[in-house]
Amino acid sequence: MPTTQQQPASIKLSPRPTTTRPCVGAFSLAAPASLLAHAAARECGVELVSSSSVTEMLSWADRLDSKPSALLVPNDISDGDVAALHVHSLLRGVPTISLGDSLDDDAFSRAFALGMDDCCSYDPAALKAIMAAARDRRGPSVPPSRQRDLVLVAHEQRGRRVEVGRLFRRAGFEVRFAAKGDELHDLGEGASIVVASSTMAI
């Protein structure tokens with residue numbers, strides 16, 4: 001007899017903060033990502049508010065008394081949705097984290113190019129670290145006056161590229177990555193700063 005596979009239910013949380021706890025907004029996170037994010041938020045004492053569309057999240061932001069501590073968005077979010085979130089007066093300057101299954105150079109490059117502040121996997125420990133940082137954060141982490149400066153980070157090791165790229169992104173720079181020497185010429189045009197490995201062949 002054929003069986004029907006049951007789809008996991010998505011989590012729909014309160015449409016607005018109900019306590020004075022630090023608040024994080026989450027946009028379009030399907031299960032199991034929503035379950036994992038909710039568990040991490042609860043463990044860190046953070047209120048997670050889930051929205052199914054950018055319109056719903058903007059409506060939620062309209063009713064806030066102060067800026068949320070962070071925004072969580074899927075890594076396939078559209079350029080238009082990111083722009084809509086970032087122009088809202090109470091969401092402008094709020095650290096935005098891109099969530100995804102795999103975090104390669106393309107994921108980081110796209111997130112940083114769209115003005116997001118970091119990328120995070122669905123790993124419970126990583127999500128807990130994001131929530132703990134949101135809980136302890138005081139004000140926007142990205143100086144808006146530095147948004148247009150471009151930094152190219154070139155290194156053979158992906159971990160080193162990401163580590164250095166995060167530092168510059170949190171300081172307000174746009175970040176691109178190069179994994180090979182020949183990519184320096186293609187990706188470095190217009191860069192204000194180039195950080196390259198001393199062992200990379202150019």
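The protein exposes about 10,700 Å², of which carbon and sulfur atoms supply 52%, with accessible areas taken from the Shrake-Rupley method with a 1.4 Å probe, where for residues only the protein chains shown count as cover. This is a predicted model, in which local features need pLDDT of at least 70 and side-chain atom pairs count only at pLDDT 80 or more, while totals for chains, interfaces and linings use all residues. Residues are numbered from 1 along each chain as its sequence is written, and side-chain values use heavy atoms, with hydrogens and water left out.

**Overall make-up**

- The secondary structure comes to seven helices and eight strands, these being DSSP runs numbered from the N terminus (helices are H or I with at least four residues, strands are E with at least two).
- Of the 202 residues in the protein, 42% are buried, a term for under 20% relative accessible area, with exposed over 50% and partly exposed in between (1.4 Å probe, protein chains only).
- Among contacts between residues at least 6 apart in sequence, 69% join residues at least 24 apart, a contact being heavy atoms within 4.5 Å.

**Nonpolar cores**

- The largest nonpolar core has 29 residues, and W60, I77, L85, F108 and M116 touch the most other members; such a core is a set of buried Ala, Val, Leu, Ile, Met, Phe, Trp, Tyr and Cys residues joined through side-chain atoms within 4.5 Å.
- Elements giving two or more residues to this core include strand 1, helix 2 (54–62), helix 4 (105–113) and strand 7 (174–178), and helix 2 gives the most, with four residues.
- A second, separate core of 19 residues has A26, A40, C120 and A132 among its members.

**Helix 5**

- The 13 residues of helix 5 (residues 124–136) should span 18 Å at 1.5 Å a residue, and the end C-alpha atoms are 18 Å apart, which agrees; the expected span is 1.5 Å times one less than the number of residues.
- L127, I130, M131, A132 and A134 are buried in this helix, and the buried residues of helix 5 pack against elements including helix 1 (33–44), strand 2 (47–51) and strand 5 (118–121).
- At the N-terminal end, D123 caps helix 5 through a side-chain oxygen 3.2 Å from the backbone nitrogen of A125.

**D105**

- D105 lies in helix 4 and counts as buried because its relative accessibility is 15%.
- The side chains of D105 and R161 are joined by a polar contact of 2.7 Å, meaning a pair of N or O atoms within 3.5 Å; within protein, one must be able to donate a hydrogen and the other to accept it, and residues adjacent in sequence count only if both atoms are side-chain atoms.
- Leaving aside residues up to four places away in sequence, D105 touches R158, R161, F177 and A179.
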